[in-house]
Amino acid sequence: MKPAERVEATPKGQLKNPYTTTTRRSSRPVARSNLRYGCNGCHGGNGGGGICPPLINDVWVYGGDDDTLFRLVTLGSDVLQSKGYTRIGQESVVAPMPPMGLIVATDDELGRILTFIRSNFHGAPENKFGQPPMPANP
């Protein structure tokens with residue numbers, strides 16, 4: 001299924017990546033997808049950032065959970081914001097995330113791309129899937 005079709009068919013908060021950073025099938029050479037879809041043009045060749053945020057540090061601009069990342073890549077940041085998502089992290093970001101949902105071949109491939117991103121994460125382990133919630137003020 002195309003990522004855009006999966007987003008339309010799945011309620012908010014319900015998208016889960018079937019792969020983990022230790023799933024063997026997800027370790028297929030996904031780095032080529034990073035080049036094929038042009039991710040490196042904005043996020044840098046090693047994911048360290050460029051005109052768009054780094055993919056390897058602690059900051060998840062809209063959130064680091066599977067559902068948010070899947071929708072961000074599929075819909076792009078402008079449409080994501082129009083659906084009520086807000087920035088929760090800050091980076092020196094110049095360009096918006098373009099919608100890739102009709103470009104990435106399948107939802108399975110997008111899941112593997114997101115797994116590849118997580119496998120290259122260099123931040124604090126507790127932030128790999130997004131920042132923990134802020135403690136409530138007493």
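**Entry 1: the ring pair**

I started with burial: Trp 60 and Phe 121 are both buried (under 20% relative accessible area with a 1.4 Å probe, protein chains only; exposed is over 50%, partly exposed in between). This is a predicted model, so I kept local features to pLDDT of at least 70 and side-chain atom pairs to pLDDT 80 or more, while totals for chains, interfaces and linings use all residues. Residues are numbered from 1 along each chain as its sequence is written, and side-chain values use heavy atoms, without hydrogens and water.

Next I looked for aromatic pairs, meaning rings of Phe, Tyr and Trp (its six-membered ring) with centres within 6.5 Å; planes under 30 degrees apart are stacked, over 60 edge-to-face, the rest tilted. I got one aromatic pair. Trp 60 and Phe 121 make a stacked pair, 6.1 Å centre to centre with 5° between the planes. The two partners are 61 residues apart and link distant parts of the chain: Trp 60 is in the loop between helix 3 (39-43) and helix 4 (66-75), Phe 121 in the segment after helix 6 (107-119). My helices are DSSP runs (H or I, at least four residues), numbered from the N terminus.

**Entry 2: charges over rings**

Which charged end sits over the ring of Trp 60? I found that of Arg 118, 5.5 Å from the ring centre. Lys 12 has its charged end over the ring of Tyr 85, 4.3 Å from the centre. My test was NZ of Lys or CZ of Arg within 6 Å of the ring centre and within 35 degrees of the ring normal.

**Entry 3: pockets**

I took a pocket as an open set of points on a 1 Å grid over the protein atoms alone, with protein on both sides within 12 Å along at least five of seven lines; lining residues have an atom within 4 Å of a point. Volume is the space filled by probe spheres set on the points.

The largest pocket comes to about 500 Å³. It has 31 lining residues, with His 43, Leu 55, Leu 72, Val 73 and Met 97 closest to its centre. I sorted this lining into 25 nonpolar, five polar and one charged. Helix 6 gives the largest share, four residues.

The second largest pocket holds about 180 Å³. Among its 13 lining residues, Arg 6, Lys 16, Pro 18, Phe 70 and Asp 107 lie nearest the centre. Helix 4 and helix 6 each give two or more residues here, and helix 6 gives the most, with four. This lining splits into four nonpolar, four polar and five charged.

Technical notes: On a 1 Å grid over the protein atoms alone, a cavity is a set of points where a 1.4 Å probe fits but cannot get out, and a pocket is an open set with protein on both sides within 12 Å along at least five of seven lines; lining residues have an atom within 4 Å of a point. Ala, Val, Leu, Ile, Met, Phe, Trp, Tyr, Cys and Pro count as nonpolar, Asp, Glu, Lys and Arg as charged, and the others, Gly among them, as polar.
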